[in-house]
Structures are given as structure tokens and as C-alpha cells.
Amino acid sequence: MDTLLQDLRYAVRQLLRSPGFALVAILSLALGIGANTAIFSLIDVVMLRSLPVVHPERLVQVTIGESSTEFTNPIWEEIRDRQDVFSGSFAYVDQRFDLAMGGVSRPLEGDWVSGGFFPTLGLRPAAGRLTSRSDDHQGCPAVAVLGYGFWQSEYGGDVGVVGRTISLDDHPFEIVGVAPEGFTGVDVGRSTQVFAPLCAKAILEPPTGGLDSHGYWFLRVMGRLKEGVTVEGARARLSALAPAIFAATVPPDWNAKMQQGYLENTLSARPAANGYSDLRDRYGRALSALMIVVGLVLLIACANVANLLLARATSRRREVAIRLAVGAGRGRLLRQLLTEGLLLSLAGAAVGVVFAIWATGILVGFISAGEDRVWLDLTLDGRVLAFTAAVAIVTGVVFGLAPAWRATRVDAQAAMKAADRTIAEGHSRFTAGKALVVVQITLSLVLVMSAGLLLGSFRKLATLDPGFRSQGVLLADLDLRNADYPDEQLGAVKREILERLRAAPGVRAASASEITPISGAGWNGAISVGGFEPRDQRDALVFFNAVAPDFFATLRTPLLAGREFTSGDRSGSVPVAVINEALAKKFFGSRNPLGARIGLVQPGAAETHQFVEVVGIVADTKYTSLREDPRELLYLPMSQAGWDRPSINVELRTDGAAASLIPTVEAVSAAVSPRISLEFTTLAGQVASSLSRERLLATLSGFFG
């Protein structure tokens with residue numbers, strides 16, 4: 001230890017004598033090590049870190065087949081009652097609640113959970129109690145468990161909150177307890193702020209909250225393996241139970257062919273120690289690619305510092321020669337020079353950790369998309385710090401070993417002679433330095449070329465024509481559930497809101513739709529067209545949207561033939577539809593679709609149709625993603641497709657900034673009913689957020705390149 005401390009003191013003195021060299025070397029290493037730490041910390045939290053529960057390695061997620069993760073409630077109840085491989089199991093689904101009772105929404109991230117949720121995870125409350133299987137029954141009371149972070153931020157950690165009520169979508173829920181500190185749910189990327197019993201879903205969505213539906217696929221299912229049961233054993237047992245489970249839950253209103261396909265489903269399981277994550281599926285490959293990029297950056301930094309050390313070693317040949325002449329061994333000198341390299345590396349790692357803490361916040365900003373804000377616990381845990389330390393040590397050895405070895409292989413007598421000989425001998429020593437320069441340029445070229453390709457891909461997506469004009473369009477989601485309008489009045493109220501908005505100052509055009517463009521939401525179904533014979537059931541599928549009059553004019557989607565919907569296209573009039581080019585080409589070929597009738601096939605009943613008449617053709621538009629090929633789209637008038645949903649998505653076009661219309665929407669909404677809840681975004685922002693993965697790759701690869 002005395003020798004080590006002596007080496008460290010000497011190394012510090014040497015670096016202080018050359019502050020320029022030390023600063024360049026430390027900053028080079030800080031960038032390389034910090035970038036690696038930042039990307040690894042994201043990989044750790046998204047892909048590697050286990051849930052903070054009891055024995056997370058025993059958790060598995062139940063799937064249909066190998067990948068489908070959504071179940072109906074009847075299937076979940078059959079799994080719960082029939083399985084014999086889990087010591088506990090639960091179902092859950094995420095839900096965004098609203099704390100506001102009218103006006104601008106106060107969204108709250110929540111989960112509907114079955115009674116086995118907390119017992120299966122082995123969690124204890126921070127205050128009060130957690131929900132349990134005794135809460136899991138039809139008609140259960142409205143109770144809630146607060147997330148620890150929400151309890152701290154909203155209630156200041158007051159234990160007296162237990163027994164009070166919290167308003168979720170304008171319905172009172174009794175607070176019975178608080179989840180333990182550090183637990184934010186089983187979905188990575190979300191921080192659940194409130195947990196409510198799944199059986200209470202009917203309170204917000206009467207009459208049953210979809211719990212009795214055989215066609216409502218929304219639940220995810222997890223279980224804890226019994227002692228001695230392996231994942232492979234659980235898969236085999238679930239596969240054996242699947243025929244009976246699906247036979248007991250077959251949708252009675254489906255036709256025979258669809259019922260037969262349903263009965264062929266099977267069940268499987270996969271490890272779930274690190275929870276469920278949509279982020280993992282969306283960003284796993286991107287993060288792996290970025291890990292390779294920052295690995296190359298670190299190699300370039302190592303080559304840079306190694307070259308600096310080689311040059312410095314040449315200037316220190318006389319010092320090394322003197323130390324050898326007075327009796328220092330080569331091993332002792334090698335250790336001293338390696339200590340200097342490791343000190344540089346550790347100093348670079350220390351600065352790099354600060355860089356990583358700053359950079360991870362920026363990275364999460366890239367990943368967050370629109371309303372779907374991403375929450376990740378990016379505190380530096382032991383695994384991340386161990387990774388950083390390991391990288392620092394390996395880096396110090398990689399860039400320090402060769403220069404140290406070359407520095408100690410000096411001829412003491414030659415080094416003490418004239419400067420001209422030193423230069424002549426030193427020339428050969430820069431062969432390694434030239435090789436390092438070649439390596440640096442090669443790796444840099446790889447990064448620059450990769451950055452060019454990724455930037456090109458991002459530019460193509462960002463500049464392609466989606467079939468509409470997103471600038472200047474405000475999207476407003478109006479939730480009428482708390483306004484207590486009878487179902488038969490909802491259509492009239494929505495029409496009144498639209499007419500008021502169309503007449504408001506600054507509004508150039510206004511419309512409404514069931515689905516807004518590039519929102520990620522989708523609605524598909526089968527159609528039948530005379531003269532078109534589908535190869536199979538999937539070949540007859542198209543995508544739908546229900547829209548109000550002026551929808552295409554508001555989004556500036558070109559009308560190619562026929563007409564848009566009008567106020568005359570309402571319930572009781574001839575059912576009509578507008579189709580896009582892709583649908584016209586596939587189903588009609590060279591025929592003129594205008595005036596033709598399209599049959600809408602009811603789910604599960606292939607012989608029953610509702611017919612609509614084609615009155616217009618519009619240009620192709622992107623539907624769920626900018627990356628997709630043109631999809632066959634069929635638009636229905638909202639007044640014929642049904643105004644009975646207690647919410648409406650409104651699109652408003654203005655000549656100025658889209659956000660300038662927010663006060664207008666708030667005023668109109670309050671005039672109709674102060675209990676209408678509002679959420680806002682812009683169409684341009686929604687489109688931009690859909691490119692978050694490509695933007696992340698392009699920006700970071702460009703920066704490092």
C-alpha cells in the first residue's frame with residue numbers, strides 16, 4: 001500500500017506538471033466513458049434491472065402463443081381458477097385517470113389490478129393496507145392504493161390520508177393504503193400513481209367495465225412459479241390447460257370458422273423478472289446499436305490518449321533512463337506508468353459520470369413521445385457504477401500498457417547522449433503512433449458513415465408527405481363523461497361544440513374524428529365488395545375511421561373524386577363512406593368506385609352485412625405510423641357510425657401557432673359544460689413524437705460521428 005500511495009502521489013505531480021496534456025486526456029476519456037455509462041444506464045433500467053419485489057426471478061408473464069400478451073377477463077378468470085403451477089397470479093391493465101372535475105385535465109397514471117397483484121409480488125404497504133383477494137369480487141367497493149411517489153408529492157407523506165377519498169374521473173375512491181417506496185408498478189417506463197381493483201372498473205365504465213366481454217382483449221397476466229417449477233414446466237402445463245380454458249371462453253357470437261380458430265390458441269409463459277415493457281420492444285435494438293456506437297467512441301478516445309502517452313513517453317526517455325541507471329527495475333517503472341494511466345482513466349470516469357447523469361435526462365426526453373411521457377429510475381445503482389469502474393480500469397490498461405511498455409524499453413546509455421540521436425531513435429518509435437492514427441481515422445469514418453445513413457433515414461421520414469398538413473392543427477380531446485349527459489343527447493352536444501368552434505375567431509376549419517392521424521390507435525375490420533374475391537380472411541381487412549364533416553378540408557387531405565361528408569349524412573339517411581386510393585385500387589381495380597356499395601362485415605358473423613355507398617375518394621394518408629406503407633382506409637360519417645361515445649377528438653386549423661387556440665377551446669367547452677375535461681396536443685407534435693426512435697439514433701450517431 002505504501003508503494004501504491006507513493007506511485008499515486010508521483011502520478012498526480014506528473015499530471016499537474018502537464019495540465020494541458022492531462023486536460024485533453026481526461027476530457028477525451030470522459031466523453032468515451034460517460035457516453036458508455038449513459039447508454040448502459042438506459043439499457044440497465046429498460047432491459048436488465050429486476051422489479052423491486054420479492055424474488056423477481058420467479059415471476060413469469062403468461063402469453064397466447066409466443067408473443068401475444070393481452071387477454072379477455074373471462075380467459076384470465078379461467079387461468080386463475082384452473083392453473084396449478086403458480087403460487088400466486090394476477091391480471092392488470094394500465095389506465096389514465098383524471099383528477100380534474102372539468103376543464104384542463106390533470107392526468108394520473110394508474111393501474112386496474114386484480115386481487116392477487118400485491119400478494120403475488122410479496123409487497124408490504126408503506127401505510128394502511130394494500131388491496132388483496134378479498135377485494136376481488138363483482139360489485140367490489142371503489143378503493144385505491146396510492147403510489148409512494150404520488151403520496152409524497154401530493155400529500156406530503158401524510159399517513160392520515162388513509163381513509164380519505166380521491167376523485168378518479170369524477171368518482172370517489174377511498175384511499176386504503178400506500179404502496180412501498182421504490183415500487184412504481186410492473187410496467188417499465190411508467191410510474192403508476194394509483195392502483196384500483198379491477199372489479200371496480202365497472203364504476204367508471206358501466207355496466208361491467210368490459211369484464212364480461214369475450215371480445216375485449218385488454219388484460220396482461222403474470223404469475224409466480226411454485227417452488228420446483230421451471231419456466232419450461234409452466235409452459236408445458238399451460239399448454240395442456242389451454243384447450244379447456246379456450247373452450248370455456250369461446251365468444252358465442254362468433255361464426256363457426258372464427259370459433260374454430262379461437263379454439264386453436266395455446267398458452268405459454270416467459271420470464272418476467274424485469275417486468276413488462278413496451279419500451280423494451282420499441283427501443284431494444286436502438287439501444288444496442290447505440291452501445292456499439294459509444295463503444296467505438298471509447299476506442300477512439302483510447303487510441304487518442306495512447307498516442308498522447310506515446311509522445312509523452314518520448315519526452316520522458318531521459319527521466320526513465322536516469323531511474324534505470326540508479327537501480328529502478330523495469331517492472332517497478334512499468335507499474336508507475338500504468339498507475340498514471342489508471343489515474344487518468346479514473347479521473348475521466350469521474351467526469352464521465354457527471355456527463356452521464358446529464359445525458360441520461362436528455363436521452364429520456366428523446367424517448368418520451370407526446371402525451372406518453374416516459375418515467376425511468378435513472379439513479380446510478382451498483383450495477384451501473386460497477387460497469388463504469390470496469391470500463392475505467394480496462395480503458396486505463398488498454399491505452400496505458402503499450403506506451404508504458406515502450407517507455408521502459410529504453411537504452412539508458414543511448415538516452416543520455418545527444419539530442420540528434422534521440423530524435424533518430426524516436427522516429428522509429430512513432431510507428432505505433434501512426435498505426436493508432438490509422439485506427440482512429442478508420443473508426444471515425446465508420447461512425448461518420450453510420451451517422452450519415454441514420455440521418456438520411458430520419459430525414460426521409462421527417463420530410464415525406466403523410467397525406468395531410470400537420471402545421472397549425474390543434475388536437476383537443478374532450479371527455480364528456482363527467483358532464484352527465486344522457487346517451488341520446490351526446491350527438492347534439494358534440495355537434496354544438498363543433499359549430500361553436502367553427503365560428504370562433506382564429507379557427508380556419510374544424511372537424512372531429514374517432515382516431516387522429518399518427519396516434520398509434522387503430523380500428524380494422526373486414527369488408528365485402530362485389531367482384532373482389534379475398535384470398536383469405538385477412539385479405540378482406542381494411543382500416544376505419546369515423547369523421548365529422550370538413551375532416552379532409554381541415555387536414556388538407558386532397559379530395560380526388562366525389563364529395564366529403566356533409567351535415568346531411570346522419571342517422572336515418574343513406575349510409576355512405578369515403579375511401580382512399582389504396583382501397584379503391586385493391587378492391588375495385590380499374591372500376592369507378594363512386595356509387596358502389598361496400599358491405600361491412602360484422603365481427604364473427606360473415607353472412608351479415610351493413611352496406612354503405614361510396615361517395616368520395618381521397619388521397620392516401622399515413623394512419624398509425626409514418627413508417628407504414630399506404631393502408632386501405634374507409635371513412636364513415638361520425639353521425640352514422642355513432643355519436644354515442646362520451647368523448648370526441650377535435651381537429652382545429654389556424655393560420656398561427658396551433659397552441660394559440662387552446663383558450664378558445666377552453667372557453668367553448670366551459671360554455672357548454674364546465675365539467676367537460678380537456679387534453680391538448682398538436683398534430684405536428686404528434687407526428688414528431690412518432691419519430692422519437694429515429695430522432696434518437698440520428699441525433700446521437702451524428703453527435704458522436
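**Note on the predicted model**

1. Cover of helix α3. The buried residues of α3 are covered by elements that include β1 (59–64), β2 (86–98), β10, α7 (231–248), α8 (256–263) and β11 (267–271). Helix α3 itself spans residues 73–82, and its buried residues are Asn-73, Pro-74, Ile-75, Trp-76 and Ile-79.

2. Confidence. This is a predicted model, and the points below should be read with its confidence values in mind. The protein chain has a mean pLDDT of 88, with 91% of its residues at 70 or more. Residues 418–426 are a stretch where pLDDT stays under 50. For that stretch the model has 6 contacts beyond four places in sequence.

3. The α1/α2 pair. Helix α1 covers residues 2–17 and helix α2 covers residues 19–48; they pack at an angle of about 105 degrees, and their axes are 5 Å apart. Angles of 65 to 115 degrees count as roughly perpendicular, and α1 and α2 are therefore roughly perpendicular to each other. On the α1 side the contact is made by Leu-15, Leu-16 and Arg-17, and on the α2 side by Pro-19, Phe-21 and Ala-22. By class, the residues of this contact are 5 nonpolar, no polar and 1 charged.

4. A cis peptide bond. The bond from Pro-206 to Pro-207 is cis, with omega near 5 degrees. Pro-207 belongs to the loop between α6 (201–204) and β10 (220–225).

5. Positive phi at Ile-518. Ile-518 is not a glycine, yet its phi is positive, at about 55 degrees. The residue sits in the loop between β13 (509–513) and β14 (524–529). Is Ile-518 buried or exposed? With a relative accessible area of 3%, Ile-518 is buried, the cut-off for buried being under 20%.

6. Positive phi at Asp-550. A positive phi of about 75 degrees is found at Asp-550, which is likewise not a glycine. Asp-550 is placed in the loop between β15 (541–547) and α17 (551–555). Its relative accessible area is 34%, and Asp-550 is partly exposed.

7. Thr-184. This residue is in the loop between β8 (171–178) and β9 (194–197). Setting aside residues up to four places away in sequence, Thr-184 touches Arg-190, Ser-191, Thr-192 and Trp-375.

8. Asp-539. The loop between β14 and β15 holds Asp-539. At 7% relative accessibility, Asp-539 is buried. What does the side chain of Asp-539 reach? The side chain reaches the backbone nitrogen of Arg-535, at 3.1 Å. Apart from residues up to four places away in sequence, Asp-539 touches Phe-532, Glu-533, Pro-534, Lys-586 and Phe-587. From Asp-539 to Ala-526, 13 residues apart in sequence, the C-alpha to C-alpha separation is 8.4 Å.

9. Asn-580. Strand β17 (residues 576–580) contains Asn-580. Its relative accessibility is 0%, and Asn-580 counts as buried. The side chain of Asn-580 reaches the backbone nitrogen of Leu-583, at 3.0 Å. Leaving out neighbours within four places in sequence, Asn-580 is in contact with Ile-617, Val-618, Ala-619, Asp-620, Arg-631, Glu-632 and Leu-633.

10. Ala-584. Helix α18 (residues 581–588) contains Ala-584. At 9% relative accessibility, Ala-584 is buried. With neighbours within four places in sequence left aside, Ala-584 is in contact with Ile-579, Gly-589 and Pro-593. Ala-584 and Asn-304 are 280 residues apart along the chain, and their C-alpha atoms are separated by 60 Å.

Notes: Residues are numbered from 1 along each chain as its sequence is written. This is a predicted model: local features need pLDDT of at least 70, side-chain atom pairs count only at pLDDT 80 or more; totals for chains, interfaces and linings use all residues. Side-chain values use heavy atoms; hydrogens and water are left out. Helices (H or I, at least four residues) and strands (E, at least two) are DSSP runs, numbered from the N terminus. Buried means under 20% relative accessible area, exposed over 50%, partly exposed in between (1.4 Å probe, protein chains only). Contact means heavy atoms within 4.5 Å. pLDDT is the predictor's confidence in each residue, from 0 to 100. Axes are lines fitted to C-alpha atoms, for helices over the stretch in contact, and angles run from 0 to 180 degrees between N-to-C directions. Angles under 35 degrees count as roughly parallel, over 145 as roughly antiparallel, 65 to 115 as roughly perpendicular and the rest as oblique. Ala, Val, Leu, Ile, Met, Phe, Trp, Tyr, Cys and Pro count as nonpolar, Asp, Glu, Lys and Arg as charged, and the others, Gly among them, as polar. A polar contact is a pair of N or O atoms within 3.5 Å; within protein, one must be able to donate a hydrogen and the other to accept it, and residues adjacent in sequence count only if both atoms are side-chain atoms.
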